[in-house]
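Visitor: Hi, I'm new to this one and would like to talk about its charged side chains. Could you take me through them?

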Amino acid sequence: MKIIYILFAGLCLLSCEKIKIEDVIREVEPDQPSSIHYYYSYKAGEVINAEKLGYASDEFMPGCTYIYGDTLFIANTQNGHFSVELYSLSAHQKLGSLNTWTYNDVMQTFGNYVEAISVANERLYLANISSCIDVFDVHTLKFITRIGNRNWGHGNTQLFHTHAMAIVDDYIIVRMKDGLQVTLQSDVSAEKYQNINYYSRGSLDGFDVNNGFYSHQMAVDTTGLVFLADYGQYGNRKIHVIDTTLIQQGSNITMTTSQTLRLCQNVGTTFFYNL
């Protein structure tokens, strides 16, 4: 049996030089031979579902989430019930629901479901699939302004749908239907409602230009790199690495690096490496 383990370790060593053979053997060979198999089951500590949020089962479909302090923001993507739910993590109860607001004394609602949520500089940014980002005061939920005008397109003040969003320093980075677009936080004001120009629009190199409305996610590390999980209509299944130091004013700007997440796969085992 030990010979088999050593052969397995040798295969891993040949195909993934960064894995030490001693580490592989420790992983696959128990300290003492045993025929006992251990099975683990996990029970959720808490379930936040339609009932807990005050909805019927067919009125709630969870989408993206975001944690700010003690508050969990949850997008409700159920057609006819678009909202963002606020939930207290410490009190284990619903705090409220954001589904309507007023602008110029006219009540407004979400034109479609929220695809991404971010908080920066005391502002709550809600990126909507309906080609806009609605901005609220994160404490009072008072509406401040809107980026985009809910009409998809490539005009200076337009968004072409919004599928993912990350905010790094002054940059509001959005994965649109056909690429990346950046708006400056410092340009966002109530006076510029639906009339906020983009700062930078990315090159389409490496992007599916029609992403088929598949979901995307952005994650930011401590160095300013943004990792974009890009699942496109044409099989563009990779993680783009966006370097915020490459962002500059203009269009057709290259924002992504040539770095990729390397994957080493062995017999029955997959190892992931850092960049």
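Visitor: What does E46 form with K52?

Guide: E46 forms a salt bridge with K52, and their closest N and O atoms are 3.2 Å apart; the term stands for a side-chain nitrogen of Lys or Arg within 4 Å of a carboxyl oxygen of Asp or Glu. Please keep in mind that this is a predicted model, in which local features need pLDDT of at least 70, side-chain atom pairs count only at pLDDT 80 or more, and totals for chains, interfaces and linings use all residues. Residues are numbered from 1 along each chain as its sequence is written, and side-chain values use heavy atoms, with hydrogens and water left out.

Visitor: How many salt bridges are there by this rule?

Guide: The count comes to three salt bridges.

Visitor: Back to E46, is it buried, partly exposed or exposed?

Guide: E46 counts as partly exposed because its relative accessibility is 30%, where buried means under 20% relative accessible area, exposed over 50%, and partly exposed in between (1.4 Å probe, protein chains only). K52 is also partly exposed, at 35%.

Visitor: And which residue does E85 pair with?

Guide: E85 forms a salt bridge with K94, with the closest N and O atoms 2.9 Å apart. E85 is buried, with a relative accessible area of 0%, whereas K94 is partly exposed at 31%.

Visitor: What about R146, where does its side chain meet D134?

Guide: The side chains of R146 and D134 meet in a salt bridge, at 2.6 Å from N to O. This pair links distant parts of the chain, twelve residues apart, with R146 in strand β10 (residues 143–147) and D134 in strand β9 (residues 132–137); strands are DSSP runs of E, at least two residues, numbered from the N terminus.

Visitor: Are those two buried or exposed?

Guide: Both R146 and D134 are buried.

How values were computed: Helix = DSSP H or I, 4+ residues; strand = E, 2+ residues; numbered from the N terminus.
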